Amino acid sequence: MGIKEIDADVLVVGSGLAGVMAAVKAARMGCTVVLASKGSMRSGNSVLVGGGWLVPSKDFPPDEYVHVTLEGGKRINDVKLLRVLGQRGEAMMRVLGEMGVPLEKRSNRMWWVKMDTGKRSAGIVLMDPLLEHTKDERIVVLPWLSIIELLMDDGRASGAVGISRDMGPVVIDAKSVVLATGGGGGIYKRHDNHRRTRGDGYWLALQVGLPLRDMEFVQFYPLGLAEPHLPPLMVPPPIPKEGKAIDSEGQDIVEKHGLRFDLNEFIMEYRDQFTLILTTETERGKVYLDYTGVPEEKWETPRLNRFGRINPASRNRPFAVAPVVHFFMGGVEINEFAQTAIPGLFAAGEVTAGVHGANRIGGNALMECAVFGDIAGESAALYAMGVRRGKSKRGAVPGKFLWKEERKEVKELFLEVQDLTWTHAGPIRNGQSLQEGLSRVPEMEERLLELEADGKSLELNEVKGSVLISKAIMRASLEREESRGAFYREDFPQSDDDHWLKNIFLSLNGKTGDFIVTHRPAEGTELTDIIQP
Ligand SMILES: Cc1cc2nc3c(=O)[nH]c(=O)nc-3n(C[C@H](O)[C@H](O)[C@H](O)COP(=O)(O)OP(=O)(O)OC[C@H]3O[C@@H](n4cnc5c(N)ncnc54)[C@H](O)[C@@H]3O)c2cc1C
């Protein structure tokens, strides 16, 4: 199969909420856009959402929004980005409404995707109207195109190389690029993410010299299903007020631990603390959610009705729950214009760091994706309008690269990576275990090399990326000798503001494959001083 070459003003990698908002904005500004997704257009975590939005407004003033998010993130968030969300959040809800997303305000702070009584999930109700706007003559939509390398020309982003299921190798020449590849929850054994959410954007960024920030901060959702016959899906909020979390003796966990809040406050605002409690409880025995007291009529409300169809037993008996990986707070650093430190490379959504600091508050990811997706589209369009196309990159195309992987060794290695990451970088970490985890990486890297010598494939490439990102999480976790937000080290159980009110950056040493680790105080971020030469 020959190499397909495509030109565009703007390349957007990822068709989740951030990517779609970016593509639509760039096209509306008059640019030609390629919107690529390694899966179908309905892929990534955006189609799985519970549908809650934390929205600053006159009832929840921007300053309060910034304060609440900063306190939730234990003050290592990027305040500049929070101010942008504070200023633009409410207007974004109007924009989304005009684009056809049904939204309803249910409290001073929270809006929800309004679910219909049909079978569509909140994520589909959110994304389908937005995807309609990508049916624009300026946007070329390319599902099943996996980007494997970002291209650079004279120090600036100039496109990407990908492998397409239908076209084989593809080179996209673009004047600017938006990275909107989502997070990396799928590299953990227990997660509620899309199966292929494996942190591609993180390794794509590392390869072109960008550092990753805050990679030790992984959010766990306390109430993931732990029933043997069901996947570890999140039990969606809001939890009905009749619902109770109980231990294996039937004792109410909120009462047992003398907790001040109800389950919904815990899962929306204090996921970090509740995860620790549930992790400790599940080490002793099982934890259950008991919905048997929920009255019949409540089971007819759309969210509960949908959950009842997925887990029918939940109506009649308590069902087992345990924490699952839910969200990555760390990633690529951006400024208020969604610019990375590489000219022409922009990023938005879960692939970025800064908004959530050490712990994300419920409903704040969707807000981040929509606002910064839109900003990234605008910035990428403005950038593209002002530059000439770079040189063609035919030479960058890899040799044979299989779309589908059949080797059982590759699948086994991925399961090992998931197990390694969960065991050594799970909800409770310690220095010795992190060292042990890191010591297993070189052997995995050797096996990767042997497998690559036998043939390259997309899946193998993702496994290689997963090993690197697992290593990044463990390395950053080892560096941070304290506990903060969602990050807990049992050997350093207290927060230490005197030494650790700062962000950790990891860049890749291209020669050795090791990370170069740097720190920066959590205030006043300047991008240019941290990019590696
Ligand atoms: C179960 C669940 C429920 C959630 N509920 C809420 C909620 O109610 N409120 C809230 O605020 N947040 C919620 N979140 C978090 C939120 O859903 C995500 O943070 C957000 O959807 C991420 O959007 P995104 O656009 O950054 O990435 P995603 O939606 O994950 O999209 C990533 C895209 O990138 C593509 N991609 C990845 N790698 C490549 C590659 N190499 N080449 C080409 N394409 C690639 C994928 O195919 C996909 O199209 C939830 C998360 C989960 C898992």
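## Strand pairing and model confidence

Two strands are taken to pair if DSSP finds at least two bridges between them. Strands β10 (residues 212-213) and β15 (residues 331-333) are joined by 2 bridges and run antiparallel, and within this pair Leu-212 stands opposite Val-332 in β15.

The model is predicted, with an average pLDDT of 93 for the protein and a score of at least 70 for 96% of the residues. Residues 524-533 are a stretch where pLDDT stays under 50, and for them the model has 18 contacts beyond four places in sequence. Where pLDDT is low, the predicted coordinates should not be read in detail.

## The mixed sheet

The pair β10 and β15 belongs to an open sheet of 5 strands, whose order is β17-β15-β10-β20-β21 and whose pairing is mixed. Its edges are formed by β17 (352-353) and β21 (515-521), each of which pairs on one side only. Helix α14 packs on this sheet, where it touches β10, β20 (502-508) and β21, and the direction of α14 makes about 140° with that of β20.

## The helix pair α13 and α14

Helix α14 (residues 458-479) also packs with helix α13 (residues 441-454), at an angle of about 165° and with the two axes 11 Å apart. Because angles over 145 degrees count as roughly antiparallel, α13 is described as roughly antiparallel to α14. The crossing of the two helices is left-handed.

On the α13 side, the residues that take part are Val-441, Met-444, Glu-445, Leu-448, Leu-451 and Glu-452, and they meet Leu-460, Val-463, Lys-464, Val-467 and Lys-471 in α14.

## The antiparallel sheet

Another open sheet has 4 strands in the order β11-β14-β13-β12, with antiparallel pairing. Here the edge strands are β11 and β12 (244-247), each pairing on one side only, and the twist averages 45° from one strand to the next. Helix α8 (residues 271-284) packs on the sheet and touches β11, β12, β13 and β14, while its direction makes about 55° with that of β11.

Strand β14 (residues 319-328) pairs with β11 in the antiparallel sense over 6 bridges, and Gln-219 stands opposite Phe-327 of β14. Strand β14 also pairs with β13 (residues 287-290), again in the antiparallel sense, over 3 bridges, with Tyr-288 having Ala-320 of β14 as its bridge partner. Although β11 (residues 218-225) is an edge strand, 8 of its 8 residues are buried, so β11 is largely enclosed by the rest of the structure.

Key:
Residues are numbered from 1 along each chain as its sequence is written. This is a predicted model: local features need pLDDT of at least 70, side-chain atom pairs count only at pLDDT 80 or more; totals for chains, interfaces and linings use all residues. pLDDT is the predictor's confidence in each residue, from 0 to 100. Two residues are in contact if their C-beta atoms, placed from the backbone, lie within 7 Å. A residue is buried if 20 or more other C-beta atoms lie within 10 Å of its own, exposed if 12 or fewer, and partly exposed in between; C-beta atoms are placed from the backbone. Axes are lines fitted to C-alpha atoms, for helices over the stretch in contact, and angles run from 0 to 180 degrees between N-to-C directions. Angles under 35 degrees count as roughly parallel, over 145 as roughly antiparallel, 65 to 115 as roughly perpendicular and the rest as oblique. A crossing is left-handed if the near helix is turned anticlockwise from the far one by less than a right angle, and right-handed if clockwise.
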